[in-house]
Amino acid sequence: MKEFGGYGELTMGIACEYVLSPDAFTALYHPRFSSYLFPALKSLDLSGLREQQFVTEAVPTTSILFSPGLETVTITSGPALTFDQEQQGLRELLRLPEKCPQLPELSIYGAALSISFVKTIADIITRLEAIRVLRMPDIPVTMNTFRSLSNSRSLEQLTLCVQPGCDLREAISTCRGAGGYRSFALLEQLSVTIDTIHDATQLLAYVTSSHLSSLRVNFRLPATPEQLEELFKTLSRHPSRLKVHELITHTRACPADLRSANESPEMQHGVTLHNLLPLLDLGLRSFVLSGILVDIDDEDLKRMARAWPELKQLALGVCERHPWMASCPPRATLFGLIPIFQYCPRIEGVGYRMKTDIFDSEAAYDATGFSRPGKGVVCNNAVELSVGDSRIDKPAKVASFLSDICPRLVDIHHVWLHEVSIETEEVEEVDALDEEDMYRKWGLVMDYVLEFVLIRQQERNSLRDRASI
């Protein structure tokens, strides 16, 4: 017999776990009992169920668990349903606003099952007048739903996916014409999947909240650095510009705009510091820019570090593997970590493409302004380093440097492929020997860092012992 289980909080405050068959679970609920099976239930999470369980068991009995005391509801949509199954499931979900009129947090994950499912979800969320947190990262939101959400007087956190091909400009102009009050007035966190940067710029300008602290944007279509700069300018003029501390964007570079970084600056078309200048006046603590070439040097990293002293996470074009990586070598070096560790005492994650073959040249040391790399700059935080496709020749020297300035290095992330990955993923046009060599050497760096840190600790202990004699 298949089982359907979950967790509930009963009136006496004890968290209980139950495992019941669907028939037993349904029989437990009877009109002669209370209107609600668990009146004091605070959290309902159906996301842990297997997809088939969701279809055959969870959906038909979902509303049994709805109660006015619920504070969070999490639902994961299953695979394609038969017409009868879908209609039964939608009838159950439609009872959510009726039984939980003051629900403050709703999360719905998984792709939309059908047009009827999308319409039902739209009906549900527009009737939840007290909703504060709404997460729907994969279900496309229609313009009517968007208009309703923009007029919400309680919404603080919103994750949504704008329907592909929607004319957002028309929807926004309609909202402005019909609404008599501010749009998204209390929004603090916004995460959106949208077609173009132009759409995102319009959306951001439409959000009137002065409380916005986090903005995450995923673009379906390629973008240019100039378009990203326009988005950054809009953000720098936004009413919440003094409160924004997190900016995460993912886009794709236009194939025609990918040019070698060895060409003249006029011919390069990666994101440069010039495009990022509007952001330097913001108090960013987390900045992630992925999917597009970021062409910076050590001085650029220094300016960013000095502008964002509260920075905890910085990732510039290193999150994924991209075609432009091979033809656009980095200009920043491993020494770019020094100003980041020097000016950002809370840093926990650093990612940028870097040169590592810099230790055989005395000029490289002089260029940093230090007689010794780091000149005593040390970050004692637990830090993760992301290097993208950065090449490495001498892992021992890189590890020695890293162990000196970051003794608590947790991990090094890169995009080089292991031999097994190349075979199983059937990656084409890859130099397998070179990939394996880079993969192995970065692995050695992490191993060496741990050993070098232990050696330095032993040396310091020995020196202290001698000084005490």
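This is a predicted model: local features need pLDDT of at least 70, side-chain atom pairs count only at pLDDT 80 or more; totals for chains, interfaces and linings use all residues.
Residues are numbered from 1 along each chain as its sequence is written, and side-chain values use heavy atoms, with hydrogens and water left out.

Volumes refer to the space filled by probe spheres set on the points, which are joined across faces, edges and corners. The largest pocket holds about 470 Å³ of space. Its lining comprises 24 residues, of which Met325, Ala326, Asp389, Arg391 and Trp416 are the closest to the centre. Two or more lining residues come from each of helix 12 (324–327) and helix 17 (432–468), helices being DSSP runs of H or I with at least four residues and strands runs of E with at least two, numbered from the N terminus. By residue class, this lining divides into 10 nonpolar, three polar and 11 charged residues, where Ala, Val, Leu, Ile, Met, Phe, Trp, Tyr, Cys and Pro count as nonpolar, Asp, Glu, Lys and Arg as charged, and the others, Gly among them, as polar.

Six cavities of 30 Å³ or more were counted, and the largest cavity has a volume of about 80 Å³. The residues that line the largest cavity include Leu293, Asp295, Gly317, Arg331 and Tyr352, and its lining divides into eight nonpolar, one polar and three charged residues.

Nine aromatic pairs were found, with rings of Phe, Tyr and Trp (its six-membered ring) paired if their centres lie within 6.5 Å, and with planes under 30 degrees apart counted as stacked, over 60 as edge-to-face and the rest as tilted. Phe287 and Trp308 form an edge-to-face pair, at 5.7 Å centre to centre and 70° between the planes. Phe287 belongs to strand 11 (residues 286–290) and Trp308 to the loop between helix 11 (298–307) and strand 12 (313–316), so the pair ties together parts that are 21 residues apart in sequence. Phe287 is buried at a relative accessible area of 0%, and Trp308 is likewise buried at 0% (buried means under 20% relative accessible area, exposed over 50%, partly exposed in between; 1.4 Å probe, protein chains only). A tilted pair is formed by Phe359 and Phe401, at 5.9 Å and 55°. Both Phe359 and Phe401 are buried.

Notes. On a 1 Å grid over the protein atoms alone, a cavity is a set of points where a 1.4 Å probe fits but cannot get out, and a pocket is an open set with protein on both sides within 12 Å along at least five of seven lines; lining residues have an atom within 4 Å of a point.
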